[in-house]
Amino acid sequence: MLVFGLLAALPSSSAIARSADGHSIQELADFGGCWRTEGASYMEEIWSAPTSNLMLGLTLFVREGRAVQYELTRVEVVGERIVMTPYPNGTASEHGFVLTSLRDGEAIFEAPEHDYPKRILYRSHSDGSRSARIDGGAEDTGGQEWRFRRVPCPGTK
């Protein structure tokens with residue numbers, strides 16, 4: 001009951017927070033849910049649905065059935081920007097990644113001042129899958145990319 005009392009005491013606002021370029025976190029709603037790469041070693045991403053100002057994610061890196069690394073992620077409206085802050089193994093990244101492009105099923109977050117990666121891209125594909133890519137910026141032909149398929153969330157049947 002204490003939790004409900006605390007929630008009731010919070011200010012109520014149905015306003016949708018928007019970035020300076022007019023985007024809202026609700027436009028990232030397709031991130032929500034659970035996603036997984038294929039193979040014996042895999043990555044699994046679990047994303048909350050967006051609120052008006054915040055979205056949370058968890059990524060597990062699994063090898064031979066054992067979690068070998070994890071990353072928490074916070075996507076939120078900060079001032080007039082939408083910012084993604086990764087927490088690899090629970091430690092906040094030195095720099096937040098600012099949403100610089102959101103169109104046609106693609107979201108690009110950038111932090112040019114970061115050592116690596118400088119850019120995080122998510123792209124939806126026509127078969128319902130999506131890819132995530134990290135790289136050193138628009139000119140980087142290397143980088144790493146993973147393809148995810150939507151899966152049932154843990155704890156569901």
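1. **Disulfide.** A search of the whole structure finds one disulfide, a term that here means a pair of cysteine sulfur atoms within 2.5 Å. In general, a disulfide is a covalent bond between the sulfur atoms of two cysteines. The partners are cysteine 34 and cysteine 153, with sulfur atoms 2.0 Å apart. The torsion about their S-S bond is about 110°, so the disulfide is right-handed. It links distant parts of the chain: cysteine 34 is in strand 1, while cysteine 153 is in the segment after strand 10 (144–151), 119 residues apart.

2. **Basis of the model.** This is a predicted model, in which local features need pLDDT of at least 70, side-chain atom pairs count only at pLDDT 80 or more, and totals for chains, interfaces and linings use all residues. Residues are numbered from 1 along each chain as its sequence is written, and side-chain values use heavy atoms, leaving out hydrogens and water.

3. **Cover at the disulfide.** Is cysteine 34 buried or exposed? Cysteine 34 is buried, because its relative accessible area is 1%. Cysteine 153 is partly exposed, at 29%. The cut-offs: buried is under 20% relative accessible area, exposed is over 50%, and partly exposed lies in between (1.4 Å probe, protein chains only).

4. **Overall layout.** Along the sequence the pattern is α-β-β-β-β-β-β-β-β-β-β. Buried residues make up 38% of the 157 residues.

5. **Aromatic pairs.** There are three aromatic pairs in the structure. Phenylalanine 31 and tryptophan 47 form one that is edge-to-face, at 5.4 Å centre to centre with 80° between the planes. This pair joins the loop between helix 1 (2–9) and strand 1 (33–36) to strand 2 (residues 42–47), across 16 residues. Phenylalanine 31 also pairs with tyrosine 122; that pair is tilted, at 4.7 Å and 50°. Here the partner is in strand 8 (residues 119–124), 91 residues apart from phenylalanine 31. The rule: rings of Phe, Tyr and Trp (its six-membered ring) pair if their centres lie within 6.5 Å; planes under 30 degrees apart are stacked, over 60 edge-to-face, the rest tilted.

6. **The ring cluster.** Ring pairs link Phe31, Trp47 and Tyr122 into a cluster. Why does phenylalanine 31 count as buried? Because its relative accessibility is 7%. Tyrosine 122 is buried at 7%, and tryptophan 47 is buried at 5%.

7. **Charges over rings.** Arginine 130 lies over the face of phenylalanine 31, at 5.1 Å from the ring centre. The charged end of arginine 36 sits over the ring of tyrosine 42, 3.4 Å from its centre. The test is NZ of Lys or CZ of Arg within 6 Å of the ring centre and within 35 degrees of the ring normal.

8. **Backbone points to check.** Most residues other than glycine have a negative phi, and most peptide bonds are trans. Glutamate 64 has a positive phi, near 50°. Its place is the loop between strand 3 (54–63) and strand 4 (66–78), and it counts as exposed at 74% relative accessibility. Aspartate 104 also has a positive phi, of about 50°. It lies in the loop between strand 6 (97–103) and strand 7 and counts as exposed at 73%. The peptide bond from tyrosine 116 to proline 117 is cis, with omega near -5°. Proline 117 lies in the loop between strand 7 (106–110) and strand 8.

How values were computed: Helix = DSSP H or I, 4+ residues; strand = E, 2+ residues; numbered from the N terminus.
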